[in-house]
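I opened my notebook to go through this structure one place at a time. Here is what I looked up, in the order I looked.

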Amino acid sequence: MPSESRCWETLQALRSSDKGRLCYYRDWLLRREGKDESQHTESMVLQSSRGIKVEGCVRMYELVHRMKGTEGLRQWQEEQERKVQALSEMASEQLKRFDEWKELKQHKECQDLREVMEKSSREALGHQEKLKAEHRHRAKILNLKLREAEQQRVKQAEQERLRKEEGQVRLRALYALQEEMLQLSQQLDASEQHKALLKVDLAAFQTRGNQLCSLISGIIRASSESSYPTVESQAEAERALQEMRDLLMNLGQEITRACEDKRRQDEEAQVKLQEAQMQQGPEAHKEPPAPSQGPGGKQNEDLQVKVQDITMQWYQQLQDASMQCVLTFEGLTNSKDSQAKKIKMDLQKAATIPVSQISTIAGSKLKEIFDKIHSLLSGKPVQSGGRSVSVTLNPQGLDFVQYKLAEKFVKQGEEEVASHHEAAFPIAVVASGIWELHPRVGDLILAHLHKKCPYSVPFYPTFKEGMALEDYQRMLGYQVKDSKVEQQDNFLKRMSGMIRLYAAIIQLRWPYGNRQEIHPHGLNHGWRWLAQILNMEPLSDVTATLLFDFLEVCGNALMKQYQVQFWKMLILIKEDYFPRIEAITSSGQMGSFIRLKQFLEKCLQHKDIPVPKGFLTSSFWRS
């Protein structure tokens, strides 16, 4: 093996030498054998084993070398193929990136171009809109100027028209003021018939009335010389008229006081006369209490007319005072000024809402309501509807509030007391307390009560020739709507509510008032009412109903006040007046008569009249 190794080394060395790069004929032995076969047979035989061996080594080496060359070439080819593939893929990717970049560049250029075009378009549109806006603005300014000029022209024309209309209105108002002034002057002159009753100088009233009439006449003459009267002229005339109203109202109050004194004297005389008659025994009372039927069905009206004359005078005075009150705040109610309307609405709410809130919940709550009403009438500001309200907001505010307050008290009797009889006492005690502190409110309460319920006077309106039937029904107290008269049950219910309220007022005093003062309209008026009712012919269904309501509410108080005389009055009703009521009552209307008869007989049997249901006790005022 060492020799073989050396052979390989020798071959490798030869391969690496210059000779190794030469081309040899490997079959030189064969060729030489063919030429010198005969000559070298012996030499060839001697060297064959070594040469074959060398040749084998050479051939083997060449084979190995060739195999290595082939494998290297194959590997080189594969490597080259891989490199070519890699270069091809790289070139392909680069081509893609180039295409993408080129496409992106094109998109970007398109986008830039589009943005430039859009920007140019927006700028062009903006410029166009700006031009349009400027055009509209100029047109608007021009239109405004034209409109302002037109409005100014119309305004001037309207002002001129209004000035003329206001002047004409003021002129008509002055004529109306003069007319009312003359009417008041006539009323002032008509008071001459009461001169004997008055304790004041009537001539002074008449002199001042004439001066006021002359003042308004002078204002009208001065206004006629100029184009139209001024606001100051109208205001001066209104002040003169208001002074005339106050003058007449003061005179009316004097007349009312004088007539009241005269009426009181007559009533005292009448009471003394009745007491004297009652002491003479039942036989003396069978004819006088009410007019009797004479021969032929004619009534003997001597006593009825005498009482009615006195009563009607008092009734008319109260109605005149109520009408005078309405005239004093006529300017407020008829005003078209929005501020005046707002004041009127606030005052009406401030006057009526507290009355609607009267209830028997607690005495402290009732006192709060009374204090609020009293404060309003005293000119102090009160809260109503979240706003501060006062009668001083308008010169006619106090008259308006007094009238609306009295109207609301009577309306509560007509509606609330009619449905809930116990409500009469809390409403009456507040009304009585207000009446004591503000006498004019009391007079207005009576005026409203008498107008809605003439039986509270008492007086029965008579039908006069030429009078419309509906007007007569209204005078009787019925409600007439669309020529339809209310049902009798509803009519009696309303009358009952108002009589119950009146019966409660005459016996109640405000517990926090001055006890040293007398009741402004006390039980003596209840005695008068009862006596006058018995001196009038009964009305079917009405008289029995109202007598029962009156006696149930204030019978207990009258019993304590008049004692024996009151019981004599009840006996007189039972023995003399019941037959009269029964005689005129039909079978279908006996319910109210039977109820009155049972109530009176029970009271006479037990010799006591029970305290009315709902009467306010001392414990109520501690609640």
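**Entry 1: the whole chain**

I began by noting that this is a predicted model. I then asked how many helices and strands the protein chain has. I found 19 helices and four strands. Next I looked up burial, and 38% of the 623 residues count as buried. I also checked how far apart in sequence the contacting residues are. Taking contacts in the protein chain with a separation of 6 or more, 76% are between residues 24 or more positions apart.

**Entry 2: cysteines**

Cys554 has a relative accessible area of 0%, so I wrote it down as buried. Cys213 is at 11% relative accessibility, which is under the 20% cut-off, so Cys213 counts as buried too.

**Entry 3: Met181 in helix H3**

Cys213 came up again when I turned to Met181, as Met181 touches it. Met181 is found in helix H3, which covers residues 41–190. Is Met181 buried or exposed? Its relative accessible area is 1%, so Met181 is buried. Leaving aside residues up to four places away in sequence, I listed its contacts as Leu212, Cys213, Ile216, Ala240, Leu241 and Met244.

**Entry 4: Ile310 in helix H6**

My next stop was Ile310, in helix H6 (residues 302–328). Ile310 has a relative accessible area of 26%; that lies between the 20% and 50% cut-offs, so I call it partly exposed. I then looked at Lys262, which is 48 residues from Ile310 along the chain. Their C-alpha atoms are separated by 9.3 Å.

**Entry 5: helices H8 and H9**

Now for helix pairs. Two packed helices are described by the angle between their axes and the distance between the axes. I started with H8 (residues 338–356) and H9 (residues 363–377), whose axes come within 10 Å and cross at roughly 160°. An angle over 145 degrees counts as roughly antiparallel, so that is how I describe H8 and H9. The crossing of H8 and H9 is left-handed. Which residues make the contact? On the H8 side they are Ala350, Ala351, Pro354 and Val355, and on the H9 side Ile369, Lys372, Ile373 and Leu376. Sorted by class, the contact of H8 with H9 has seven nonpolar residues, no polar ones and one charged.

**Entry 6: helices H11 and H14**

I noted the crossing of H11 and H14 as right-handed. From H11, the residues in contact are Ala424, Phe425, Ile427, Ala428, Ala431, Ser432 and Trp435; from H14, they are Arg500, Leu501, Ala504 and Ile505. The contact of H11 with H14 divides into nine nonpolar, one polar and one charged residues.

**Entry 7: Gln402 in helix H10**

I picked out Gln402, which lies in helix H10 (residues 397–419). Its relative accessible area is 8%, so Gln402 is buried. What does Gln402 touch, not counting residues up to four places away in sequence? I found Leu377, Arg440, Val441 and Leu444.

I ended with the backbone. A cis peptide bond joins Val457 and Pro458, with omega at about 0°. Pro458 is in the loop between helix H12 (439–452) and helix H13 (469–475).

Asp482 has a phi of about 55°, and Gln563 one of about 50°. Where do they sit? Asp482 is in the loop between strand S3 (480–481) and strand S4 (484–485). Gln563 is in the loop between helix H16 (542–562) and helix H17 (564–584). I looked up accessibility for Asp482 as well: at 73% relative accessible area, over the 50% cut-off, it is therefore exposed.

Key: Residues numbered from 1 in each chain as written. Predicted model: local features only at pLDDT ≥ 70, side-chain atom pairs only at ≥ 80, totals over all residues. Heavy atoms only, no water. Helix = DSSP H or I, 4+ residues; strand = E, 2+ residues; numbered from the N terminus. Buried < 20%, exposed > 50% of the residue type's maximum accessible area, 1.4 Å probe, protein only. Left-handed = near helix turned anticlockwise from the far one by under 90°. Contact = heavy atoms within 4.5 Å. Nonpolar A, V, L, I, M, F, W, Y, C, P; charged D, E, K, R; others polar. Axes fitted to C-alpha atoms, helices over the stretch in contact; angles between N-to-C directions. Parallel < 35°, antiparallel > 145°, perpendicular 65-115°, else oblique.
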